[in-house]
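I opened the structure to go through a few of its parts in turn. My notes follow the order in which I looked things up.

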Amino acid sequence: MSNFEKRRIAPSILSADFAHLAVEMSKVTEAGADLLHVDVMDGHFVPNLTIGMPVVQCLKPHAKIPMDVHLMIEKPEKYIEQFIKAGSQYLTLHVEATELMEESLKKIRELGCKAGITARPGTSLEAMKPFLHLVDLVLIMTVEPGFGGQKFMSSQLDKIKELVELRSKNGWNYLIEVDGGVNAETSKLCWQAGADILVAGSAVFDGAYTAEDYKTNIDKLR
Ligand code: DX5
Ligand code: ZN
């Protein structure tokens, strides 16, 4: 199987029980998750506030699968080193949040981490194109960043298709990840469009408690 044929699932811990994050993490890992999606929000770039480096660092010894950290913060370049030291294995930056994208992506790779780029749904793919040769992951947002539990925007599916074409045309290697409103129905559209990783918060965690529940939910997405 090539790198782009596997259907990877990244549960977003934003929807997990914050009082038991390590336990939640091991349950989704047992349930077959491939990556652990960590949503970092600063109350400026997005209206919500979530978690920062100290929490990522505390989770590090418990993480048996890579932590995929999505930075929804202004000037993410200020925190790259700290997030990588804390245990991020993928670090994804918003194109709207920094004027230093190229330097930042290079720095992430130099520090031994996988570099990711993303954009708000309303931002054209053109904004990310100058950086696609520098990334290991491209994240397509299918909701406005800031909150879990929103409705999937199918208007973003064409971006996935274009990323697949650009990747093969240019011999690039990034994985294509989709984030927001992914459930058992919308996941089908994402796989069809060519996604490699689906992030899911509410579809994995809501109304579910055991590793078995999580496995049922993850299997439905795959
Ligand atoms: C939204 C976050 C998402 C969120 C997804 O800003 O980036 O990762 O947790 O949640 P669901 O799957 O519920 O849309
Ligand atoms: Zn996210």
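**Entry 1: Ala-33.** I note at the outset that this is a predicted model. I began with Ala-33, which I found in the loop between α1 (21-30) and β2 (36-41). Is Ala-33 buried or exposed? Its relative accessible area is 7%, and since the cut-off for buried is under 20%, I put Ala-33 down as buried. I then listed its contacts beyond the neighbours within four places in sequence, and they are Ile-9, Pro-11, Val-28, Ile-65 and Ile-218.

Entry 2: I moved on to β2, where six of six residues are buried, so I call the strand mostly covered. Which side chains point which way from β2? Leu-36, Val-38 and Val-40 go one way, His-37, Asp-39 and Met-41 go the other, and all are buried. I looked up the pairing next: β2 runs parallel to strand β3 (residues 67-72), with six bridges. Within this pair, Leu-36 is opposite Met-67 of β3.

**Entry 3: β4 and its two partners.** How many of the residues of strand β4 (residues 90-94) are buried? I counted five of five, so the rest of the structure largely encloses β4. Tyr-90, Thr-92 and His-94 point one way from β4, while Leu-91 and Leu-93 point the other way, and all are buried. On the β3 side, I found four bridges between β3 and β4, in the parallel sense. His-70 stands opposite Thr-92 of β4. The chain gets from β3 to β4 through helix α3 (residues 80-86), in a right-handed β-α-β crossover. I then checked strand β5 (residues 114-119), which is parallel to β4 and joined to it by five bridges. Here His-94 is opposite Thr-118 in β5. The path from β4 to β5 passes through helix α4 (residues 101-110), and I noted this β-α-β crossover as right-handed too.

**Entry 4: nonpolar cores.** I asked which residues touch the most other members of the largest nonpolar core. That core has 63 residues, and the ones I wanted are Leu-91, Ile-117, Met-128 and Leu-132. I followed up Leu-91, leaving aside its neighbours within four places in sequence; among its contacts are Val-69, Leu-71, Ile-80, Phe-83, Ile-84 and Ile-108. I also found a second, separate core of 10 residues, including Leu-139, Met-141, Leu-175 and Val-199.

**Entry 5: α5.** I checked the length of helix α5 (residues 157-170). At 1.5 Å a residue its 14 residues should span 20 Å, and its end C-alpha atoms are 20 Å apart, so the two values agree. Its buried residues are Leu-157, Lys-159, Ile-160, Leu-163, Leu-166 and Arg-167. I reminded myself that an α-helix has 3.6 residues a turn, so residues three or four places apart point the same way. What do the buried residues of α5 pack against? I listed β6 (137-141), β7 (175-179) and α6 (186-193). Gly-171 follows α5, and its phi is positive, near 70 degrees.

**Entry 6: cysteines.** I searched the whole structure for disulfides and got zero. For Cys-58, the closest cysteine sulfur is that of Cys-113, at 18 Å, which is too far for a bond. Cys-58 is exposed, with a relative accessible area of 55%, whereas Cys-190 is buried, at 0%.

**Entry 7: Asp-136.** My last stop was Asp-136, in the loop between β5 and β6. At 19% relative accessibility, Asp-136 counts as buried, because the cut-off is under 20%. Setting aside neighbours within four places in sequence, I found Asp-136 in contact with Arg-109, Cys-113, Lys-114, Ala-115, Asn-173, Tyr-174 and Leu-175. I also took its C-alpha separation from Arg-167, which is 31 residues away along the chain, and it comes to 11 Å.

Note on methods
Residues numbered from 1 in each chain as written. Chains lettered and ligands numbered in written order. Predicted model: local features only at pLDDT ≥ 70, side-chain atom pairs only at ≥ 80, totals over all residues. Heavy atoms only, no water. Helix = DSSP H or I, 4+ residues; strand = E, 2+ residues; numbered from the N terminus. Buried < 20%, exposed > 50% of the residue type's maximum accessible area, 1.4 Å probe, protein only. Contact = heavy atoms within 4.5 Å. Pairing = 2+ DSSP bridges. Core = buried A, V, L, I, M, F, W, Y, C linked by side-chain atoms within 4.5 Å. Expected span 1.5 Å × (residues − 1). Disulfide = S-S within 2.5 Å. Right-handed = clockwise from strand over helix to strand, strands pointing away.
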